[in-house]
Amino acid sequence: MFSCNTSTSGHSTFLLTGFPGLEASHYWVSIPINLICAFSILGNGIILLLICTDPALCEPMYIFLSMLAASDLGLCASTFPTMMWLFWLGARELPFDLCAAQMFFIHAFTYVESGVLLAMAFDRFVAIREPLHYATILTHSAMAKVGAAILVRAVLLNLPGPILLRRLLFPQISVLSHCYCLHCDLVGLACSDTQINSLVGLVSILFSLGLDSSLIVLSYALILQTVLGIASPGEQLKTLNTCVSHLCVVLIFYLPKLGLSVLHRVEKHSYPALAVFMANLHFLVPPIMNPIVYCIKSKKIRQSLLKHFQHKRVDVF
C-alpha cells in the first residue's frame, strides 16, 4: 500500500494485479484468456448475426437474446484489454481517467446484462401465463422501449461514480485488487472521505442487481405457480423446459458474483490467488457460456446456424 502523504486528485496511477505468486507464468495465463476472449466474441457475434439475418428468429425471446449477446460483447470489450495488457505484455500501469472509464463501462454493461435477464424472465412469464396475449404484449415497440429503459438505467446509475471519484484524493500510485478497475476497489484506495461514494455505489447495486434478481425470483415463483396448475405432468415438463436456457444463464451470471462476495466476506487475504481467479471468473464465464447454452438448448438457433453454414457451403461450391 502506497502512502497518502503525496495524494492527488485525478492524476493517480493505478497498478493492475494478476495472480499473486504466479507472476512468472502470466504469459502462459494469457493463452487461455485469449482463447476465452476469442470464443466469446465469436459466439456472441454469431448469435447476433443469426438473429439479425434470420426471420424465424424475430420472436421476443430471441430479440432479448440479441440484447444479451450485445451486452456480453460490451463486457468483453471493457474487461479483456487490461487483462491482455497485464498478462500478455506485462504492463501494470493505468492512468486515472482510463481506469475510471473502464469502471463505468464494466458496471454499465453488467447492469445492462442484469436488466436483459430480467426482461427475458418477464418474456417467459408472459409466454406461460398469458400465451394468447403474448404477441400483443411483447410487440417490437414494447421491446425497443424495454431495451432503451435498460440502457438508460445503466448509464444513469453509473454516471455519478466516475464524477464523484474525481473529488477523492488517491496516492500517486495505488495497487488494484484485480486486473481491471471496479468502483468498490477504487473507493477502498482513496485517502479522503468516501461515505458519499459508498452510498452511491450501494444504491446503484440495490436498484440494479438487487432489484433485478428479486424480480427474477418473483417471476419464476409465478411461473411455477402457473405450471403447477397444469393438469398433465407431461405438459408441465414441456412448459418448464422452455425456461431451462434462461435459468442456466441466470445462474451463470449470478453464482460467480455470489461466490466472489462470500470469498471476500470469509477472508480473501488468506486465498489471494483464489480471490483473483473468482474475480476474473465472474467476468469471463458469462460471455463464453451464454452462446453455448442457447446453441445447445434452442432448436431454432441450431437450425438457423446449420442453415447459415449450408448456404455458405453452397456459395463456396
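Phenylalanine 104 counts as buried, at 14% relative accessibility, where buried means under 20% relative accessible area, exposed over 50% and partly exposed in between (1.4 Å probe, protein chains only). Phenylalanine 105 is partly exposed, with a relative accessible area of 42%. The model is predicted: local features need pLDDT of at least 70, side-chain atom pairs count only at pLDDT 80 or more, and totals for chains, interfaces and linings use all residues. Residues are numbered from 1 along each chain as its sequence is written, and side-chain values use heavy atoms, with hydrogens and water left out.

Turning to the rings, the structure holds 8 aromatic pairs; rings of Phe, Tyr and Trp (its six-membered ring) pair if their centres lie within 6.5 Å, and planes under 30 degrees apart count as stacked, over 60 as edge-to-face and the rest as tilted. One of these pairs joins phenylalanine 14 to phenylalanine 96 in a tilted arrangement, at 6.2 Å centre to centre and 35° between the planes. Distant parts of the chain are linked by this pair, as phenylalanine 14 belongs to strand 2 (residues 13-15) and phenylalanine 96 to helix 3 (residues 96-129), 82 residues apart; helices (H or I, at least four residues) and strands (E, at least two) are DSSP runs, numbered from the N terminus. Phenylalanine 14 is buried, with a relative accessible area of 0%, and phenylalanine 96 is buried at 3%. The pair of phenylalanine 104 and phenylalanine 105 is edge-to-face, because the ring centres are 5.3 Å apart and the planes lie at 80°.

Ring pairs also link Phe14, Phe96 and Phe170 into a cluster.
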